[in-house]
Amino acid sequence: MGYVVDETRKEPAYMLLYEALRGDIEAGVYAMGQKLPSKRVAALDAGLSLSTVEHAYDLLAEEGYVEARERTGYFVVYDASRMFPLKPSALPLVKGNAMEEETFPFSVYAKTARSVLSKYGEMVMERSEWCGLKLLRNEIMMYLARARGIHVDIGQIVVGAGSEHLYSLVVQLLGRHRIFGLEDPSYERIHKIYRANGVRCDMLKMAGNGILSSELKRTPALALHVTPDHSYPSLATADIAKRNEYIAWAREKDAYIIEDDYASEYSLASRALPALFSLDPDHVIYMNTFTKTIAPSLRVGYMILPRKDMDAFREMLSFRSCSVGTFEQLVLAELLNNGAFERHVNRMRRKRQKEQHDRKIRDDIQDERQQPAVVQERDTQYDI
């Protein structure tokens with residue numbers, strides 16, 4: 001392998017090894033289907049512990065670069081030329097809500113609301129800018145940089161009354177002449193809202209890691225609405241190869257991707273996959289909401305518009321009034337500023353990770369109990 005970890009860098013050793021391996025996989029040093037060196041060989045070669053190498057390999061597997069095969073090792077499933085894994089997993093389907101509602105602690109919200117009333121007084125009665133309060137947009141901008149690695153200008157952020165309202169704004173921005181490609185299956189309300197706004201939709205069949213490549217090739221759509229993290233109801237998550245494929249599709253067609261990132265905060269992955277917007281900020285409209293992370297009654301969402309289109313988009317939208325009240329925006333800005341929002345998200349993520357871990361242990365125990373007992377014959381000696 002020949003990897004040397006630079007001890008002067010602040011990043012953990014497993015991240016440095018992960019980045020080096022990821023770079024070699026993307027560059028084709030390790031071709032699709034090729035086996036990576038065993039964890040033990042890699043540890044000896046790089047002078048690292050076995051657990052450090054294992055952590056790096058697991059990150060590569062989470063992001064769709066490699067596939068772990070029991071008692072065999074790790075094999076590369078990333079192909080830059082085709083941009084989808086070697087063996088996409090079967091499409092899982094679930095009943096009920098894909099994400100149960102995890103509401104924000106009411107006591108913290110109430111305390112913050114009282115603090116806002118005391119701090120801002122009659123300002124809560126004033127109207128905000130059409131795109132939302134500058135204070136809130138600034139907090140969103142800093143939060144995205146911390147949590148998602150998305151770096152934007154405050155002028156690119158538009159606040160609106162939840163995702164449904166933002167979908168309607170997207171139609172106005174991109175025009176009803178465009179065909180919108182949607183995931184199939186997908187959240188039914190997305191399809192209904194676009195149809196209600198006079199948009200023709202093309203439903204694109206899904207695999208376990210996102211929209212099928214054949215569907216992307218055949219669709220005449222010039223706008224693609226995707227949920228890369230934990231799509232509902234399939235629970236499919238687009239790996240890094242599929243995300244790159246979406247970006248390549250948008251660039252080739254000069255089309256737009258609407259990235260619905262509603263589920264990213266509660267991702268169970270130890271390292272979040274990059275947002276589509278961070279891969280190509282010129283062809284992606286990023287969208288998120290606080291409905292899942294705080295409360296269903298809080299109809300506040302936001303979208304990030306490509307910088308190159310801001311002048312044209314601002315001209316189309318700036319005559320509107322902001323659809324979110326000033327008081328709600330100030331409370332949300334305070335929750336982002338004082339760290340309460342991120343503490344809640346981290347607490348819920350740890351809870352879900354523990355539930356997943358406990359469920360895996362129960363399943364393993366159940367599997368062991370269902371294994372047929374092995375009866376070993378033994379010689380019996382008799383005294384004559």
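**Close-up views of a predicted model**

**View 1. Helix α6 passes helix α11 in a right-handed crossing, the near helix being turned clockwise from the far one by less than a right angle.** The model is predicted, with local features requiring pLDDT of at least 70 and side-chain atom pairs counted only at pLDDT 80 or more, while totals for chains, interfaces and linings use all residues. Residues are numbered from 1 along each chain, and side-chain values use heavy atoms, without hydrogens or water. The axes of α6 (residues 162-174) and α11 (residues 310-317) cross at roughly 115° and come within 10 Å; axes are lines fitted to C-alpha atoms over the stretch in contact, with angles from 0 to 180 degrees between N-to-C directions. Helices are DSSP runs of H or I with at least four residues, and strands are runs of E with at least two. Leu169, Gln172, Leu173 and Leu174 of α6 meet Phe313, Met316 and Leu317 of α11, contact meaning heavy atoms within 4.5 Å.

**View 2. Strand β10 (residues 301-304) is covered on both faces.** Gly301 and Met303 on one side, and Tyr302 and Ile304 on the other, are buried, that is, under 20% relative accessible area with a 1.4 Å probe, protein chains only. Strand β3 (residues 157-160) pairs with β10 in the antiparallel sense over four bridges; pairing requires at least two DSSP bridges. Gly301 in β10 stands opposite Gly160 and is also the bridge partner of Thr289.

**View 3. Helix α1 (residues 13-27) has end C-alpha atoms 21 Å apart.** Its buried residues are Met15, Leu16, Leu17, Tyr18, Leu21 and Ile25, and they pack against α3, β1 and β2. Gly28, with a positive phi near 90°, follows α1.

Key. Buried means under 20% relative accessible area, exposed over 50%, partly exposed in between (1.4 Å probe, protein chains only). The expected span of a helix is 1.5 Å times one less than its number of residues.
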